[in-house]
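Here is a short briefing on helix packing and nonpolar cores. Please keep the model open while reading.

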Amino acid sequence: MTDPTHTALHALEQRLGDLEALARQSGESFDEELRPMRDRVARLRAERDRNLSRWERVQLARAPGRPTALDYAERVFTHFTELHGDRAFGDDAALIGGPARLRGQPVMLLMQQKGRDTKGRVRRRFGMSNPEGYRKAMRLMDLADKFGLPIVALIDTPGAYPGIAAEERGQAWAIAESIQRMVRLRVPAVCAVIGEGGSGGALAIGVGNRVLIQENAWYSVISPESCAAILWRDAAQAPKAAEALQLTAPDLLRLGIVEDIIPEPLGGAHLDPEAAAAALEDALDRHLRELRRLSADELIAQRSARFRALGVFAQL
């Protein structure tokens, strides 16, 4: 059954867009006349966002125009220099990284990049890395440890690339090695899920002292479609699987999987990338400042204890 709030909002957004286009064509300003309609759109977006289902959150994480990791690299960081290759097989366009500065402080940036258009998404395999991507990440982790650079990881992937060639080159082993290497980092590590956080492909660069998630992102052991295909042999059951997986930001905060939820503009990050970037920058800077107070041994112990505690339960 269609939500009447969604229907009304969609119709009003279309009408507002048409009127704003006409105003631009005429060269005149109709801000006063359009303000009541804009206010109405904002109220409906707020009402919709309060009542989104888990599956609707998943759709927002995949919304066309949602900022990618490189979009945030351009808005949040300065002096980013991309480093290429794993020094063993080749370069992986799905996982990129290199030194950068966050509010003047040097960091090592790791990013999963989906691509901004069809050509870019194909080249980057929609953010799904091959083994050489994770080995490149480990090379950058080594550099970060050597030069004392805190690590910032921006996670946005449906999962590791499932191709035969990736398996032949040791996909599972590369993911396991990356997880192990990240646990042993002697520098602070803050990870932020900015869109999709699927399975080991996300966890490979997600072993941070702090794990953050944007308001409309998701993070799970499996995507809703894959889960539905396994359990019910029907990917159309993905909304049902999303509810069972409890993969949204509020779920993850309640379960202790993440430490913080990064707010997004009303309607999603794709509607106001600048505001989304500002909120991400504030959150990353705050958590890194807190972690810089810890020694290398304390960082390792805290990171290890954090992940060992996931899934622990007490028998009554």
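This is a predicted model: local features need pLDDT of at least 70, side-chain atom pairs count only at pLDDT 80 or more; totals for chains, interfaces and linings use all residues.

Residues are numbered from 1 along each chain as its sequence is written, and side-chain values use heavy atoms, without hydrogens and water.

**Helix pair H6 and H8**

- Helix H6 spans residues 131-147 and helix H8 spans residues 171-183; their axes lie 8 Å apart at an angle of about 20°.
- H6 and H8 are therefore roughly parallel (angles under 35 degrees).
- The crossing of H6 past H8 is left-handed (the near helix is turned anticlockwise from the far one by less than a right angle).
- H6 contributes residues including Tyr-134, Met-138 and Asp-142 to the contact, and H8 contributes residues including Ile-175, Glu-177 and Arg-181 (contact means heavy atoms within 4.5 Å).
- By class, this contact has 7 nonpolar, 2 polar and 5 charged residues.

**Nonpolar cores**

- The largest nonpolar core has 31 residues, of which Leu-110, Ile-151, Met-182 and Ile-213 touch the most other members.
- Such a core is a set of buried Ala, Val, Leu, Ile, Met, Phe, Trp, Tyr and Cys residues joined through side-chain atoms within 4.5 Å; buried means under 20% relative accessible area with a 1.4 Å probe, protein chains only.
- H6 gives this core its largest share, 5 residues.
- Beyond its neighbours within four places in sequence, Ile-213 contacts residues including Val-193, Trp-218, Leu-252 and Ile-262.
- A second, separate core of 29 residues includes Ala-69, Leu-102, Val-152 and Val-190.

Technical notes
Axes are lines fitted to C-alpha atoms, for helices over the stretch in contact, and angles run from 0 to 180 degrees between N-to-C directions. Helices (H or I, at least four residues) and strands (E, at least two) are DSSP runs, numbered from the N terminus. Angles under 35 degrees count as roughly parallel, over 145 as roughly antiparallel, 65 to 115 as roughly perpendicular and the rest as oblique. Ala, Val, Leu, Ile, Met, Phe, Trp, Tyr, Cys and Pro count as nonpolar, Asp, Glu, Lys and Arg as charged, and the others, Gly among them, as polar. Buried means under 20% relative accessible area, exposed over 50%, partly exposed in between (1.4 Å probe, protein chains only).
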